[in-house]
Amino acid sequence: MADSQPKKLILIDAGHGGPNDEGAVFTDQSGQVWRECDLTIQIARRVLNLLQADGRFMVMTTNEALDFPRDAACAARDRREMLGEYAMNAAAAGQPVSFLISIHVNSTEKRSSKPSGIVVCYNADAASAQQMKDSIIQNGAAAGEDLAGNRASNVVRRPELSMLNLPFPSLLVECGFIQNPHDFALLTSERGQALLAQSIAEGLSKLMWGTPLQQGRLLAADWPLDWSKFVPIPAPEPQIRPPLQKH
Ligand SMILES: [Zn+2]
C-alpha cells in the first residue's frame, strides 16, 4: 500500500531568477518580452500543485526548501552547496531528499532553423532521463500533442550543470524552445503549461513509485492546442532592480 510508505521528498527547482539571472529572454512578434525565469516558476508551481494533490509526495521549490528568496543573487555553486546541506539535515531528520527536478526553457541562437521539443538533461542517471523523456512524450501524445519536436534526441548528458551535481538524484527538463512557434504556444499558455507540468509530474510519479499519478489525467478532448483560441499568459512587468554592486 502506497499510503503506508513514507512520502517521497521532491525538490522543484524553477530555473533562473535573481537580479543577474533572467535566463533566456525572447521578444515576440507583438514586442512582448518573455523571460525564462518567469516561465520556469509558472511551470514549476503547476508541477508542485499536481504532486501535492497526489498525496504520496512531500514537495517544495528549492527556494522554499532553503528559505531563500528567489530574487536574491546566488552563485550556482553556492546553491549547490546549500542544497547539499539541506539534504544532509533532511536525511538526519528522517526525510531524505528523493529527487530534484530542475525546470528550464530552451533557447537557440540560430535564426534559420527553429528547433523544437523537450530535452531531458542528466549527469549520472541515463536510465532515469530516458524514462522521464518517454513519460513526457507519451503523456503529450495521449493528449494529442507532440512534445518530442524535431530533435534527433530528447535526452542529453550535461555533466557540467550544477543542478545535476547534487548528493541525490536529479534531472533537468528543458520544456521547449521559446523561439519555436509551437513550443512558444505551449510555454506561454495556461493549457500548454498545464500539459508540460502534468507530463513532468507523471514522469516523477513513475520514477518514484512506478505508477502514474493518482488523480485524473488531462483528457485528449482538451487537446491539441486550438490556435484560434491561443491566448498567451501576459508576461509580468519586468522588475526594477538596483544596479549590481561591484566589489
Ligand atoms: Zn535555463
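In the predicted model, Ala185, Leu186, Leu187 and Thr188 of helix H5 meet Gly192, Leu195 and Leu196 of helix H6. Sorted by class, this contact of H5 with H6 comprises five nonpolar and two polar residues, and no charged ones. Two packed helices are described by the angle between their axes and the distance between the axes. For H5 (residues 181-188) and H6, the angle is about 85° and the axes lie 5 Å apart. Angles of 65 to 115 degrees count as roughly perpendicular, and H5 and H6 are therefore roughly perpendicular to each other.

Helix H6, which spans residues 190-209, also takes part in covering the buried residues of helix H4. Strand E6 (119-122), strand E7 (155-157) and strand E8 (170-177) are included in this cover as well. Helix H4 runs from residue 126 to residue 142 and contains 17 residues. From its first C-alpha to its last, H4 reaches 24 Å, close to the expected 24 Å. The buried residues of H4 are Ala129, Met132, Lys133, Ser135, Ile136, Ile137, Asn139 and Gly140. An α-helix has 3.6 residues a turn, so residues three or four places apart point the same way. Just after H4, Gly144 adopts a positive phi of about 80°.

Ala65 counts as buried because it has 20 C-beta neighbours inside 10 Å. When neighbours within four places in sequence are left aside, Ala65 is in contact with Leu11, Met60 and Tyr86. Ala65 and Asp13 are separated by 52 residues in sequence, and their C-alpha atoms are 10.0 Å apart in space.

Conventions. Residues are numbered from 1 along each chain as its sequence is written. This is a predicted model: local features need pLDDT of at least 70, side-chain atom pairs count only at pLDDT 80 or more; totals for chains, interfaces and linings use all residues. Helices (H or I, at least four residues) and strands (E, at least two) are DSSP runs, numbered from the N terminus. The expected span of a helix is 1.5 Å times one less than its number of residues. A residue is buried if 20 or more other C-beta atoms lie within 10 Å of its own, exposed if 12 or fewer, and partly exposed in between; C-beta atoms are placed from the backbone. Two residues are in contact if their C-beta atoms, placed from the backbone, lie within 7 Å. Axes are lines fitted to C-alpha atoms, for helices over the stretch in contact, and angles run from 0 to 180 degrees between N-to-C directions. Angles under 35 degrees count as roughly parallel, over 145 as roughly antiparallel, 65 to 115 as roughly perpendicular and the rest as oblique. Ala, Val, Leu, Ile, Met, Phe, Trp, Tyr, Cys and Pro count as nonpolar, Asp, Glu, Lys and Arg as charged, and the others, Gly among them, as polar.
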